[in-house]
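Dear colleague,

Please find below the structure I am handing over to you, followed by an account of what was found in it.

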Amino acid sequence: MLIARIRDHQDRAAFARVFQHFAPRVKAFLMKSGADATLAEECAQDVMTTLWRKAHMFDPSRASVATWIFTIARNRRIDILRRQRRPEPEELTWGPEAEPTQEDVLSLQEESEKLRQAITDLPDAQKELIERAYFGDLSHSEIAAETGLPLGTIKSRIRLALDRLRHAMK
């Protein structure tokens, strides 16, 4: 068995035979599943490299060589699709940021005051939980442990308080 020779002896000739047989088939498989030729070629190369490095993981009692190789190819294709769908981070600027305008400063001060008043207007039970959760940086479970209130009550009160704050900030 060629895989055993690759696994046990790092037999390059055995690998070359497996590569010649499977690389074009893996590439075709990937192209049929929607990859362009360049991507399919890169992915097929990666699959074959994985076969070389991980030949010791092949278990003939679980699958045939072809099944094992095409499973690796399918998983690589899924990884590539996930990477492509992941949004790129926004470009970060380096250096000091521009000073905010006077208008921005006043607007932020007004919003901060409005939020401070909205928190002050909350019922005491809700205000206390908001302060512990957001200013005390405590989790809901930690608040429940400190106050002795049931976790569900903590979550309900915080949700109600946030809803009131949201409406007050409109």
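Predicted model: local features only at pLDDT ≥ 70, side-chain atom pairs only at ≥ 80, totals over all residues.

**Helix packing and nonpolar cores**

On the H2 side the contact is formed by Val18, Phe22, Arg25, Val26, Phe29 and Leu30, and on the H4 side by Val65, Ala66, Ile69, Phe70, Ala73, Arg74 and Arg77. By class, these residues comprise ten nonpolar, no polar and three charged.

H1 and H2 pack with their axes 8 Å apart, at an angle of about 140 degrees, which makes H1 oblique to H2. The crossing in this case is left-handed. Leu2, Arg5 and Ile6 of H1 meet Ala14, Phe15, Arg17 and Val18 of H2; five of the residues in this contact are nonpolar, none is polar and two are charged.

The largest nonpolar core has 25 residues, and those with the most contacts inside it are Ile3, Ile6, Met48, Leu51 and Ile69. Two or more residues each come from helices H1 (2-9), H2 (12-32), H3 (37-53) and H4 (65-85). Leaving aside residues up to four places away in sequence, Ile69 touches Val18, Phe22, Val26, Val47 and Leu51. Another core, of twelve residues, lies apart from the largest one and includes Ala118, Ile143, Ile158 and Leu165.

With kind regards

Definitions and conventions
Residues numbered from 1 in each chain as written. Heavy atoms only, no water. Core = buried A, V, L, I, M, F, W, Y, C linked by side-chain atoms within 4.5 Å. Buried < 20%, exposed > 50% of the residue type's maximum accessible area, 1.4 Å probe, protein only. Helix = DSSP H or I, 4+ residues; strand = E, 2+ residues; numbered from the N terminus. Contact = heavy atoms within 4.5 Å. Axes fitted to C-alpha atoms, helices over the stretch in contact; angles between N-to-C directions. Parallel < 35°, antiparallel > 145°, perpendicular 65-115°, else oblique. Left-handed = near helix turned anticlockwise from the far one by under 90°. Nonpolar A, V, L, I, M, F, W, Y, C, P; charged D, E, K, R; others polar.
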